[in-house]
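Please take a look at the structure below.

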Amino acid sequence: MKITQGFILGLAALRKNKLRSLLTMLGIIIGISAVVGMVSVGGGAQRLVLAEFERIGGATLIVVYRPEHIKKDDRWVRNKSTEYLRLEDEAEIIANCPSVDKISSEISGFDLPASRGNKHKNVRMASGTPGGEYARNWFAETGRFIQKDDIENNAKVCLIGTEVKNYFFDRTDPIGKELKIANVRFNVIGIMEEKGNKMATEG
């Protein structure tokens with residue numbers, strides 16, 4: 001049987017059974033649409049998750065932290081260990097781990113009162129060391145990030161987020177100006193890129 005004859009017979013069968021043909025086509029269309037829709041939703045969710053990972057440092061970011069609670073004898077108890085990573089450990093890790101490109105110590109997740117003039121507001125704080133901008137893929141949009149000299153000289157400097165900048169400094173440039181945090185005066189050295197978090201970073 002030639003291809004043309006087969007096509008003609010198939011077309012005749014479709015005309016003879018119009019309702020059955022329509023229902024079959026409808027089922028095929030719905031099935032294909034459902035598969036395409038699920039693949040699109042899955043791909044979109046994957047891109048969203050990867051984008052969130054990139055926002056906080058990417059898939060190559062390794063976080064080492066001390067948990068507040070640990071599991072002991074099948075129950076959770078408060079972690080009473082006195083072992084902490086210290087600043088000296090950063091140099092040792094860089095020297096002995098060639099695969100590590102950047103390293104930064106950080107204490108975050110606590111709120112402190114901040115004030116400037118007659119304005120007062122609690123802000124979320126994160127205390128970090130140089131290299132934190134690369135570790136978290138979060139850079140200063142204006143000014144500079146914390147440097148080694150700031151740590152060695154115990155400089156009272158900080159970086160602020162966009163919301164903190166808008167609240168305390170309005171439209172003025174905050175670089176070089178003071179912001180009191182927990183009754184300690186800090187010199188603003190930079191403004192972080194906007195990522196939807198009202199954070200001031202202490203050095």
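This is a predicted model. Start at C158, which stands opposite V188 in β8. C158 belongs to strand β6, residues 157–160. Strand β8 covers residues 184–192. The two strands run parallel, and four bridges join them.

Now look at the side chains of β6. V157 and L159 point one way. C158 and I160 point the other way. In a regular strand, side chains alternate between the two faces of the sheet. Are the four side chains of β6 buried or exposed? V157, C158, L159 and I160 are all buried. Buried here means under 20% relative accessible area.

Follow the chain past β8. The loop between β8 and β9 (199–202) holds E194. E194 counts as exposed because its relative accessibility is 60%, and the cut-off for exposed is over 50%.

How many salt bridges does a search of the whole structure find? The search finds six. Three of them are worth a visit, taken one at a time.

Begin with E68 and R78. Their side chains meet in a salt bridge, at 3.8 Å from N to O. E68 lies in the loop between α2 (18–55) and β1 (69–72), while R78 lies in strand β2 (residues 75–78), so the pair ties together parts that are 10 residues apart in sequence. R78 has 52% relative accessibility and therefore counts as exposed.

Move on to R124 and D111. The salt bridge between these side chains has an N to O distance of 2.5 Å. Why does this pair tie together parts that are 13 residues apart in sequence? The reason is placement: R124 lies in strand β4 (residues 119–128) and D111 in strand β3 (residues 106–116). R124 is partly exposed, with a relative accessible area of 36%. D111 also counts as partly exposed, at 44% relative accessibility. Both values fall between the cut-offs of 20% and 50%.

Finish with R185 and E178. Their side chains meet in a salt bridge at 3.3 Å, N to O. E178 counts as partly exposed because its relative accessibility is 41%.

Definitions and conventions:
Residues are numbered from 1 along each chain as its sequence is written. This is a predicted model: local features need pLDDT of at least 70, side-chain atom pairs count only at pLDDT 80 or more; totals for chains, interfaces and linings use all residues. Side-chain values use heavy atoms; hydrogens and water are left out. Buried means under 20% relative accessible area, exposed over 50%, partly exposed in between (1.4 Å probe, protein chains only). Two strands pair if DSSP finds at least two bridges between them. A salt bridge is a side-chain nitrogen of Lys or Arg within 4 Å of a carboxyl oxygen of Asp or Glu.
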